[in-house]
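The sequence and the coordinates come first, and the description follows.

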Number of protein chains: 4
Amino acid sequence: MSSSSKKLKVGVLGATGTVGQRFILQLADHPQFELAALGASSSSAGKSYAHAVEGRWKQIRRVPNNVANMQVYECKPEHFAECQVVFSGLDSGPAGPVEDAFRKAELRVFSNAKNYRTDPLCPLVVPLVNPEHMEILPYQKQQMGTKTGFIVTNANCSTTGIVVPLKALEQRFGPLEKILVNTMQAISGAGYPGVSSLDILDNVVPFISGEEEKIEWETAKILGGIKSDKTAFDYHEQDPLKVSAHCNRVPVIDGHMECVSVQFRKRPAPSVEEVKKCFEEFSTQAQEIGVHSAPAQAITLHQEKDRPQPRLDRDWQNGAGVNVGRVRECPVLDIKFVVLSNNVMIGAATSSVMNAEIALAKGYLQ
Amino acid sequence: MSSSSKKLKVGVLGATGTVGQRFILQLADHPQFELAALGASSSSAGKSYAHAVEGRWKQIRRVPNNVANMQVYECKPEHFAECQVVFSGLDSGPAGPVEDAFRKAELRVFSNAKNYRTDPLCPLVVPLVNPEHMEILPYQKQQMGTKTGFIVTNANCSTTGIVVPLKALEQRFGPLEKILVNTMQAISGAGYPGVSSLDILDNVVPFISGEEEKIEWETAKILGGIKSDKTAFDYHEQDPLKVSAHCNRVPVIDGHMECVSVQFRKRPAPSVEEVKKCFEEFSTQAQEIGVHSAPAQAITLHQEKDRPQPRLDRDWQNGAGVNVGRVRECPVLDIKFVVLSNNVMIGAATSSVMNAEIALAKGYLQ
Amino acid sequence: MSSSSKKLKVGVLGATGTVGQRFILQLADHPQFELAALGASSSSAGKSYAHAVEGRWKQIRRVPNNVANMQVYECKPEHFAECQVVFSGLDSGPAGPVEDAFRKAELRVFSNAKNYRTDPLCPLVVPLVNPEHMEILPYQKQQMGTKTGFIVTNANCSTTGIVVPLKALEQRFGPLEKILVNTMQAISGAGYPGVSSLDILDNVVPFISGEEEKIEWETAKILGGIKSDKTAFDYHEQDPLKVSAHCNRVPVIDGHMECVSVQFRKRPAPSVEEVKKCFEEFSTQAQEIGVHSAPAQAITLHQEKDRPQPRLDRDWQNGAGVNVGRVRECPVLDIKFVVLSNNVMIGAATSSVMNAEIALAKGYLQ
Amino acid sequence: MSSSSKKLKVGVLGATGTVGQRFILQLADHPQFELAALGASSSSAGKSYAHAVEGRWKQIRRVPNNVANMQVYECKPEHFAECQVVFSGLDSGPAGPVEDAFRKAELRVFSNAKNYRTDPLCPLVVPLVNPEHMEILPYQKQQMGTKTGFIVTNANCSTTGIVVPLKALEQRFGPLEKILVNTMQAISGAGYPGVSSLDILDNVVPFISGEEEKIEWETAKILGGIKSDKTAFDYHEQDPLKVSAHCNRVPVIDGHMECVSVQFRKRPAPSVEEVKKCFEEFSTQAQEIGVHSAPAQAITLHQEKDRPQPRLDRDWQNGAGVNVGRVRECPVLDIKFVVLSNNVMIGAATSSVMNAEIALAKGYLQ
């Protein structure tokens with residue numbers, strides 16, 4: 001392809017894992033990015049990609065032809081010299097030092113790992129919610145002493161789903177005061193092999209390590225702003241948002257369901273009809289810019305009384321938007337509703353890719 | 001058995017259905033009750049019980065030998081003349097008029113159906129929570145013009161699970177102010193054939209018709225008291241308890257999981273340790289009287305961070321108690337925790353049978 | 001669309017059911033067929049299609065826009081006067097007389113129902129196997145006294161999967177002598193609501209009514225030929241193929257797995273390598289003609305030792321081909337292997353549509 | 001308990017694993033055996049049993065009180081000096097040398113591991129089938145130079161289920177010629193964590209490593225006899241039994257389903273009615289001796305057309321017998337039927353314990 005020469009060369013770290021495989025599928029024929037290097041653990045290094053994922057490729061689409069024969073390298077910057085951007089699907093174990101090394105080597109890192117989410121210099125960006133947090137990147141580069149290298153993280157899959165409708169509400173009705181969320185999360189959120197079948201068949205596990213804490217503080221960082229001098233995020237410490245999460249694992253393959261109750265600062269609180277209208281009309285910067293992976297609808301509002309459902313709705317818009325339903329009054333807080341998001345798409349790889357598309361459109365990759 | 005002549009003769013209405021089958025298993029060798037008559041729809045009438053349930057008996061235990069050859073009758077009082085008590089596992093369609101006819105025929109009806117739960121004369125009794133509501137029975141009989149006939153109902157399966165720990169909290173710490181509950185309910189709650197496998201495999205359905213409303217008002221009736229003249233229930237109308245429920249169906253066979261957040265009126269609110277101690281020390285009238293089906297522990301408090309779980313804990317104590325775990329602070333209300341109850345046992349048949357045992361012990365069956 | 005005027009107008013009978021919904025999706029933007037009329041039961045008649053399937057549409061793709069507002073009619077030929085072809089997804093109850101009425105009204109009926117599969121005048125066509133059986137159609141029309149009306153049926157979903165590789169074997173190695181097949185069938189094969197979740201979660205049901213008999217005789221009809229005068233099918237009565245089937249329902253949504261052992265008449269029997277080569281090289285008339293819905297590969301031979309698998313392979317080629325794996329020697333018969341086919345696609349709607357495409361290409365629809 | 005002093009002291013190797021946990025439950029209150037020592041890997045050694053299995057105890061019954069505080073040791077004979085018998089639930093990795101060391105230390109080893117199943121001196125005993133194979137034990141001791149130490153193995157879980165009805169057939173009708181079996185095996189057969197939920201939810205995996213080979217040769221050893229001089233087993237090499245197996249993993253927690261077709265040497269083959277009668281009348285030595293864990297019925301013949309089923313029938317008789325159903329003619333071989341056995345009970349721990357009970361009754365433990 002002659003046109004590919006104009007594409008930005010990108011790499012994938014952790015390319016053989018569950019999230020890595022999704023990156024491969026999204027990038028194999030991307031109009032702006034060209035997959036140029038693959039990194040994985042030393043046990044995969046030296047093999048062709050097809051060989052490295054043998055017995056571990058759990059996607060319905062086959063390994064793309066143009067990727068199957070690419071060689072897999074260790075996750076060291078010298079093997080990614082051609083690339084300008086890397087996407088990281090690394091586990092949190094190796095992600096910390098590896099991603100930092102790539103940043104120091106002047107690569108832009110878009111990471112799905114949790115390590116830098118809490119970093120005061122790193123934006124935690126859900127592309128349909130807070131792309132403006134990338135405005136801290138010049139300051140991050142200045143502080144880290146890099147010319148082009150930076151790290152952008154995306155959120156935990158269960159956080160991603162709820163912040164989209166919460167952002168819609170805050171944008172129209174002003175700050176929220178309290179959020180109570182109950183998750184029913186898919187097994188794919190735990191990677192592969194992840195959850196033992198003996199733990200989840202005919203069962204619910206009412207605990208996911210670290211997950212409730214992540215939802216509680218990630219939501220605050222994402223819905224908070226960025227200070228006017230673009231050097232720090234704004235957590236509204238004086239008047240913090242209260243978030244409470246109950247997290248559960250359920251026997252569903254893909255798609256996190258979340259039941260949400262919210263209380264507004266605004267009194268009287270908006271009505272059910274106003275909230276529905278707000279969801280239907282919500283539009284995001286990613287859509288306005290028209291980036292490649294943005295869904296036509298950031299929020300799909302379901303009218304049926306028993307939707308959304310994971311199996312029927314998770315693949316709508318290739319899993320790039322979120323699904324909301326059952327908007328109704330909450331007798332304890334103000335309004336309650338149900339959210340479904342595809343944890344392996346918008347909840348993981350799609351968010352990283354969309355973040356890079358936004359960064360490209362906004363000039364952060366020059 | 002010569003001793004059986006001293007047992008109270010009882011019947012089962014809706015004996016061939018899902019709840020009816022559980023009644024059969026509980027009553028087939030009960031020390032105080034003797035199964036003397038079985039009622040079902042006209043399509044089963046005239047058959048032996050074993051024949052009537054052929055292809056529909058979905059229990060691990062076989063049809064008890066002493067029941068297999070009993071004849072099934074239509075649900076008319078004339079076929080139950082020998083009985084003093086009937087247990088009703090009828091669907092809500094026929095339950096209304098049939099249960100009333102049996103009451104008029106001077107039978108004591110312990111019903112699992114929803115029809116009379118809202119009736120201002122009928123006690124809605126969870127045996128581990130509010131047996132004192134039976135004190136309205138003399139007034140019910142007076143109003144209905146019966147000598148012995150009355151109706152006692154038990155609660156919806158998803159209500160039953162949560163009111164046990166909520167009662168423990170109210171008993172020790174005083175009235176609750178707000179309750180937010182999220183259910184993940186087993187398919188057996190919908191009866192047989194009930195939920196289509198195409199609707200629930202690899203899926204969650206975030207809606208169960210009428211369920212959220214039932215939890216919201218049943219909880220108020222059960223946790224409320226009875227007026228001092230024993231002629232009405234007390235809903236604390238001036239200062240009502242606020243209950244909000246999100247109800248979901250999950251691919252679990254038996255056992256309803258519920259995530260609960262509560263707010264106390266008492267300030268400061270009790271601590272996590274005080275709440276745990278309260279659950280561990282909770283003891284109920286059913287246990288104190290020592291009725292046959294009462295569990296050794298009304299509440300089993302789990303220490304492991306990921307318990308209770310439906311598959312592992314639903315059969316503990318033959319499903320007659322409730323399981324509580326993960327007691328912790330709630331950033332939005334005061335305290336949050338997880339409850340698991342066996343929806344077909346304490347959530348259905350076991351509650352009716354235990355209510356009758358309590359009524360017997362308290363002299364209501366004389 | 002001006003080009004649509006050149007398309008053949010088609011109707012769907014049983015349009016609201018499980019198979020009917022698949023027909024809708026396949027026909028909504030078909031290059032040769034234009035959806036012109038929809039039929040269903042009287043309870044749906046008079047409604048828009050979107051309204052008629054409300055709460056019953058269980059597809060991941062939405063109701064196509066150009067179908068949503070089409071009116072649904074009763075399944076009477078007068079409402080399909082515009083059409084030249086109808087696809088029938090009717091249940092076997094109504095299918096018999098209704099399909100016959102449409103044939104008498106000079107419509108070409110491509111049916112997924114079982115009623116006419118055993119009819120000595122009706123071809124039972126798996127499009128990747130025996131399209132030449134349509135050569136009996138002139139004789140069918142002559143016998144029925146129609147000018148253009150006829151009925152073509154496709155096979156039961158569990159038969160369809162196995163006859164494709166069996167045909168490949170017979171074509172290369174001559175007649176088979178014995179076939180032993182064990183099926184593990186998806187719940188979608190039973191329609192909606194179909195299998196109760198209480199019957200199949202954490203379970204296998206080793207019985208599907210009528211299924212073993214269907215596999216045993218349908219295989220014989222399909223693999224048999226057509227007599228040289230094109231007035232009857234050839235079952236090789238002197239030397240009949242022996243087929244034995246064990247049928248099981250398993251908790252899988254879509255995709256029938258079948259373990260097959262075969263014995264050839266040819267001695268010595270072909271080797272494992274010869275059989276693999278035969279599968280890889282198998283090509284069908286549907287592919288040679290190049291009909292729209294034909295898969296690129298009629299048989300996909302998997303190399304991995306644990307494939308095919310329903311969840312990973314059922315959607316390959318949009319479910320229009322079959323997947324074969326684990327070809328190895330059988331210590332009892334000659335060769336054994338595993339087959340996976342998508343029961344709702346090639347096993348149902350896709351077969352009917354492909355049969356119509358073949359009929360069109362071969363001039364049977366003029 | 002004073003009576004416990006008369007019990008035989010036993011140990012469990014691999015006590016913390018899936019099979020080990022079942023041994024604990026079976027031995028905690030056994031009338032003849034007293035649990036005296038527990039062995040596990042070095043990571044568990046030194047802990048109390050309750051502590052060692054924390055987070056890994058996946059049984060519905062709690063850890064027995066009398067076992068919870070027992071200390072866990074490494075699997076070295078010096079820690080089992082008090083014991084006369086050990087039960088091994090070790091993985092095949094460590095099982096080989098460890099079991100041999102215990103035999104050398106004069107302990108009787110009853111093993112569920114596969115390592116010594118093929119050993120020409122070790123009996124491979126399914127207690128309901130071939131306890132007479134223990135007659136080789138004196139010769140084993142002589143060859144190994146031990147006074148009391150020996151190894152008895154039990155069979156693979158999928159073999160165990162089918163050999164019970166096959167033995168019944170051979171006992172009445174003489175030798176079988178061909179057996180074709182298709183398994184649908186539960187996830188618990190793979191231990192914990194075992195099968196990843198991502199591999200099995202909404203799926204079937206048509207491959208279990210080594211399983212088909214095990215069924216094929218274990219069946220031959222078990223159904224074969226023991227030579228008259230009690231020094232070797234008889235495989236009928238001149239006229240070997242042909243066994244062909246297709247093995248599949250299905251989303252079922254416990255209980256292996258197997259579809260079996262058999263061909264007899266006897267012509268004409270027995271009729272369906274004769275085979276049913278044979279199954280109903282089958283009685284085994286274990287039952288005749290009256291050993292503690294023997295089921296009342298070795299084979300339960302189901303009359304319903306869709307039984308046995310794993311979820312409904314696996315716990316019948318505490319999983320100690322096998323369930324057979326759907327006996328009918330096979331168009332390819334002679335007779336076909338369905339078998340269900342509980343893979344963690346009769347398929348694993350129960351077989352080892354019953355073997356030891358038989359050995360005790362027959363004087364092999366003196």
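## Basis of the description

The model is predicted, and local features need pLDDT of at least 70, side-chain atom pairs count only at pLDDT 80 or more, and totals for chains, interfaces and linings use all residues. Residues are numbered from 1 along each chain as its sequence is written, chains are lettered from A and ligands numbered from 1 in the order in which they are written, and side-chain values use heavy atoms, with hydrogens and water left out.

## The interface of chains C and D

Contact, defined as heavy atoms within 4.5 Å, joins 48 residues of chain C to 48 residues of chain D. The size of an interface is often given as the accessible area lost when the parts come together. Chains C and D bury about 3800 Å² between them, with 57% of it on carbon and sulfur atoms; buried area is the accessible area (1.4 Å probe) that two parts lose on being put together, summed over both.

Eight salt bridges are counted between chain C and chain D, each being a side-chain nitrogen of Lys or Arg within 4 Å of a carboxyl oxygen of Asp or Glu. Arg314(C) and Asp202(D) form a salt bridge, with their closest N and O atoms 2.7 Å apart. Several elements give two or more residues to the side of chain C that touches chain D, among them strand 7 (176-185), helix 8 (211-223) and strand 11 (256-264) of chain C. Strand 10 of chain C gives the most to this side, with seven residues. Helices (H or I, at least four residues) and strands (E, at least two) are DSSP runs, numbered from the N terminus. By class, the side of chain C that touches chain D has 27 nonpolar, seven polar and 14 charged residues. In this scheme Ala, Val, Leu, Ile, Met, Phe, Trp, Tyr, Cys and Pro count as nonpolar, Asp, Glu, Lys and Arg as charged, and the others, Gly among them, as polar.

## The interface of chains A and C

Between chain A and chain C, 16 residues of chain A are in contact with 16 residues of chain C. These two chains bury about 1500 Å² between them, 55% of it on carbon and sulfur atoms. On the side of chain A, Ile60(A), Arg62(A) and Leu312(A) lose the most area to chain C, together 38% of what that side buries.

The count between chain A and chain C is two salt bridges. The side chains of Arg62(A) and Asp313(C) meet in a salt bridge at 3.6 Å, N to O. Helix 11 (residues 310-313) of chain A supplies the largest share of the side that touches chain C, three residues. That side of chain A has five nonpolar, four polar and seven charged residues.

## A further pair between chains B and D

Over all chains, the count comes to 76 salt bridges. The side chains of Asp313(B) and Arg62(D) meet in a salt bridge at 3.5 Å, N to O. This pair crosses between chains, from Asp313(B) in helix 11 (residues 310-313) of chain B to Arg62(D) in the loop between helix 2 (49-52) and helix 3 (65-68) of chain D.

## The two domains of chain A

An automatic or database domain assignment gives chain A domain 1 (8-156 + 349-362) and domain 2 (157-341). Their C-alpha centres lie 24 Å apart, and the contact takes 38 residues from domain 1 and 39 residues from domain 2. The area buried between the two domains of chain A is about 3000 Å², of which carbon and sulfur atoms give 63%.

Across this domain interface there are four salt bridges and 14 residue pairs in polar contact (both at pLDDT 80 or more). Helix 12 of chain A gives the most to the side of domain 1 that touches domain 2, with seven residues.

## Positions from the UniProt record

For "active site", the unreviewed UniProt entry lists Cys157(A) and His256(A); such positions are given in the numbering used here, feature names are shortened, and annotations may be inferred rather than shown by experiment. Although spread over 100 residues of sequence, they cluster in space, with a largest C-alpha distance of 8.0 Å. Cys157(A) is found in helix 6 (residues 157-173) of chain A.

Terms used:
A polar contact is a pair of N or O atoms within 3.5 Å; within protein, one must be able to donate a hydrogen and the other to accept it, and residues adjacent in sequence count only if both atoms are side-chain atoms.
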